[in-house]
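Work through these exercises with the model open beside you. Try each task before you read its solution.

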Amino acid sequence: MATYTPTTLRDGIGRGHEPPLPPSGGGGDGRGGNVPDYGARLRRARLGLICAIVTVCMVFIALTSAYIVRQGMPTFDDASNSYIHDWGRVALPWMLLAINTLVLLVSSVTMELARRSVARQAALAPVKSIPGVSLGDERSFPWLGMTVLLGFGFLAGQWLAWGELHNRGFYVNTNPSSSFAFLLTVTHAVHLGGGMIALLWAASASLLHQPLESRRITVDVTAWYWHFMAVLWIYIFALLGLAK
Amino acid sequence: MATPVTVPAHAAPQGFIRKYIFSLDHKVIGLQYFFLALTAVFIGMFLSLLMRIHMIWPTAVLPVIGEIKPETYLALMTMHGTIMVFFVLTTAPQGGFGNYILPIQIGAPDMAFPVLNMLSFWTTFLAYMVMLAAFFVVGGAPLHGWTGYPPLSAVQSAGPGEGLGADLWITSIAIFCLASLMGALNFITTTLDLRAKGMTMMRLPLTVWSWFITAILGLLAFGVLLSAGILLLLDRNLGTSFYLPQIVVNGQLMLHKGGSPLLWQHLFWFFGHPEVYIAILPGMGVTSQILSTFSRKPIFGYKAMVYAMVSIGFFGFMVWGHHMFMSGMSPYSAFAFSILTMCIGVPSAIKTFNWLGTMWKGHIRFHTPMLYAIGFVSLFVSGGLSGPFLAQPVLDIQLHDTAFVPAHFHLIMGVAAIFGIFAATYYWFPKMFGRMMNETLGQIHFFVTLAGTYAIFMPMHYLGMAGQTRRYSQFTEVAYLQKLIPLNTFITYAAIITIAAQFIFVINLFWSMFKGPKASDNPWEATTLEWTTATPPPHDNFGGVTPVVHNGPYEYGVPGATRDYVMQTDAAVGGGH
């Protein structure tokens, strides 16, 4: 029977092959992801989350570019028969927004504590499963529930901020500045709402007696998304500051 | 070589609904995308047929439809472009074949997130229904073209179809963006994380590379279109002025002020140009796969092909301004966009050269998939060569908004991508349905379609150079275009024949599905992983085992091997193993 060795084939140019792998070991960077163990699932979920974050970034990059372009754009004014800037101003309720920012940042901390708590539980689960082994007081603070409350608090605060804008006479179509203020904050709130749904799902996971590993993965990716939402909000907060 | 799988991705469904409707199986979802695109392409083709008929017989009264009014023509044009770009060229190559084939080609039991995969299909379906609903609302479908330029697209009273029809159009596009983003996320994660042992990135079939890069483009591009669409909806419905300057419509001064239609153009084309590559890259991948398989030769310059696709994707994000040369753009910006656009010619030429190099001195088997792959190369060159013309701002002054432009993009991203879809259909049909398609019908379909395509689109270049504008519903009474009527008539007849020929494909498709001869597991004697498994593949793709990869994807004509190809899973004989 004839034999062949791919490494010595012809000139090797444009072959698209690499040296053969040992049949027993595999290797390369193909991870053999067909076995959905916990580590693989977590890695996969985090990879998916990175993609989702990239997408959200692109949404806000587009809005930011529109913001910058629109802010600097002159428009023709009939009255003066010349080009003017009509960006206008919006009297944002800065104190309320600052409180909301604080609430969101605290929620990010509680979310991180929740993530670490679940990770610790997952890490200790094998030890606790040994008959007769006790790790002492196993009650932990309900950080996840705290984050849900703070998340609702932030959204409620944003709702109040939009109401306050209306009270001050600024609507979405008042001027470009107010248009972008509503646009950016509402778009962020919608994305944060997605995070809230994930949070509620993660919080209900324990009530639904889902496996600890599944819970940890849900909490982990939700936590990273939540941190991203906090960073994104600070970015928007700073961007709106430029509109003053 | 295979190893046992300890845990399946998800259990095989039992009931009809979970098996065929709300299925988590990537193969079923791939077929759902494929059939959605099949209905869409026939709707899109029918609309183009009506347009062609109207162009040469503008007063003709058609059965059921009646006389096509100018606004109806614009609605046909808008919906033709939108349905074809989004629900055919984006949906079939990536959602259809990518979904079905990618997990199998990398040795995975399914996509990374099966539930998300199902969700992305049904979101696409919802977008499709919302888009079609625009035909049936008061005022009908919108008039603003697939590019949706404001002010026309941003003012509800701008014309029939710009009311609820346009809102549905934008909503549909926004929903489609969400669906595409979910799909892109899944494709990227699957490719990076679910490859079988030994399937290094440089052992991926070029099809997988093309789907992977397309997914990255989608991930970066659709979010921008989504943002642009939200701004457009706000302008239309909440009185903002992102895109609308002070404007008088139908004698009425609108309340908007200070916005710029150019802002939409920038955002739209930042998505729109990568979208061209989203449509064409999977065709490039499948062409590479098929040319190598049917030439019985390794792909020429595998790594160069990968880097070329990456370059095309990269440059694709830097050239959107070439769609806007006539928008008052600074000549310096136009120069930069022009140079960057022509840079894309380099990786494109590398790919073309490598395709020819792959076929050179090959033992070519002229089966239908191969014919379509060669047809793809032909159309890619024919359509691509007019690209550098349009990339010149000076030439674009003459050619912009003439028939030269639809001639160019129909060849390069329309029909070339369609040829990629046909090639993929004829190539993977045996694997997907377990039967062979009829070769004679396939070849007739190919030759009529190829000739018809050239008959339709090559003369359009001349129409454009002669000054025939695009988008105008009626030109038969324009004095300087009178001499072009015979050429236009010829194009319409060619379109009728080419569209009629597509029924050969449909008959072949459905007849072969049920009556075609049974296919073996590897009827084309190909090397990639989908050909190592049963036909059609079982629920978990590899029947309880997972493959281990030892070779590159295109090992044909291997000296010393017992046959002229080496499968990716074949153990490397010799070398101490």
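**Exercise 1. The nonpolar core**

Which residues in the largest nonpolar core touch the most other members?

Solution. Keep in mind that this is a predicted model.
- Step 1. The largest nonpolar core holds 224 residues.
- Step 2. Ile188(B), Leu225(B), Ala416(B) and Ala423(B) touch the most other members of this core.
- Step 3. Helix H6(B) gives the most to this core, with 21 residues.

As background, nonpolar side chains tend to be buried together in soluble globular proteins.

**Exercise 2. H3(B) against H6(B)**

Find the angle at which the axes of H3(B) and H6(B) cross, then classify the pair.

Solution. 
- Step 1. Locate the helices: H3 covers residues 70–105 of chain B, and H6 covers residues 206–237 of chain B.
- Step 2. Their axes come within 10 Å and cross at roughly 125°.
- Step 3. Angles from 65 to 115 degrees would count as roughly perpendicular, and those over 145 as roughly antiparallel.
- Step 4. On the H3(B) side, the contact uses Gln94(B), Gly98(B), Ile101(B), Leu102(B) and Gln105(B). These meet Thr207(B), Val208(B), Trp211(B) and Thr214(B) in H6(B).
- Step 5. Sorted by class, the contact of H3(B) with H6(B) has four nonpolar, five polar and no charged residues.

**Exercise 3. Two partners of H11(B)**

Describe how H11(B) packs against H15(B), then against H7(B).

Solution. 
- Step 1. Start with H11 (residues 368–385) and H15 (residues 439–465), both of chain B. The angle is about 10°, and the axes are 9 Å apart.
- Step 2. Angles under 35 degrees count as roughly parallel. So H11(B) is roughly parallel to H15(B).
- Step 3. List the contact. From H11(B) come Thr368(B), Leu371(B), Tyr372(B), Gly375(B) and Leu379(B). They meet Glu439(B), Gly442(B), Gln443(B), Phe446(B), Leu450(B) and Thr453(B) in H15(B).
- Step 4. The contact of H11(B) with H15(B) has five nonpolar, five polar and one charged residues.
- Step 5. Turn to H7 (residues 261–295) of chain B. H7(B) packs on H11(B) at about 130°, with the axes 9 Å apart.
- Step 6. That angle makes H7(B) oblique to H11(B). The crossing of H7(B) and H11(B) is left-handed.
- Step 7. Gly283(B), Thr287(B), Ile290(B), Leu291(B) and Phe294(B) in H7(B) meet Pro369(B), Met370(B), Ala373(B), Phe376(B) and Val377(B) in H11(B).
- Step 8. The residues of the contact of H7(B) with H11(B) divide into eight nonpolar, two polar and no charged.

**Exercise 4. Backbone exceptions**

Which residues does a cis peptide bond join at Pro151(B), and where does Pro151(B) lie? Then look at Pro536(B), Asn81(A) and Asp401(B).

Solution. Most residues other than glycine have a negative phi, and most peptide bonds are trans.
- Step 1. A cis bond joins Pro150(B) and Pro151(B), with omega about 5°. Pro151(B) sits in the loop between H4 (114–133) and H5 (164–193) of chain B.
- Step 2. The bond from Thr535(B) to Pro536(B) is also cis, with omega near -15°. Pro536(B) is in the loop between helix H16 (485–515) and strand E6 (545–547) of chain B.
- Step 3. Asn81(A) is not a glycine, yet its phi is positive, about 55°. The loop between strands E1 (74–77) and E2 (82–85) of chain A holds Asn81(A). Asn81(A) counts as exposed because it has 7 C-beta neighbours inside 10 Å.
- Step 4. Asp401(B) has a positive phi of about 60°. Asp401(B) lies in the loop between H13 (393–399) and H14 (404–433) of chain B. With 14 other C-beta atoms within 10 Å, Asp401(B) is partly exposed.

**Exercise 5. Chain A in outline**

Give the order of the elements in chain A, then decide whether Phe180(A) is buried or exposed.

Solution. 
- Step 1. Chain A has five helices and two strands. From the N terminus on, the order is α-β-β-α-α-α-α.
- Step 2. Of the 244 residues of chain A, 34% count as buried.
- Step 3. Phe180(A) lies in H4 (residues 176–207) of chain A. Phe180(A) is buried, with 26 other C-beta atoms within 10 Å.
- Step 4. Phe180(A) and Val90(A) are 90 residues apart in sequence, but 9.7 Å apart in space, C-alpha to C-alpha.

Definitions and conventions
Residues numbered from 1 in each chain as written. Chains lettered and ligands numbered in written order. Predicted model: local features only at pLDDT ≥ 70, side-chain atom pairs only at ≥ 80, totals over all residues. Axes fitted to C-alpha atoms, helices over the stretch in contact; angles between N-to-C directions. Helix = DSSP H or I, 4+ residues; strand = E, 2+ residues; numbered from the N terminus. Contact = placed C-beta atoms within 7 Å. Nonpolar A, V, L, I, M, F, W, Y, C, P; charged D, E, K, R; others polar. Core = buried A, V, L, I, M, F, W, Y, C linked by C-beta atoms within 7 Å. Buried ≥ 20, exposed ≤ 12 C-beta atoms within 10 Å, placed from the backbone. Left-handed = near helix turned anticlockwise from the far one by under 90°.
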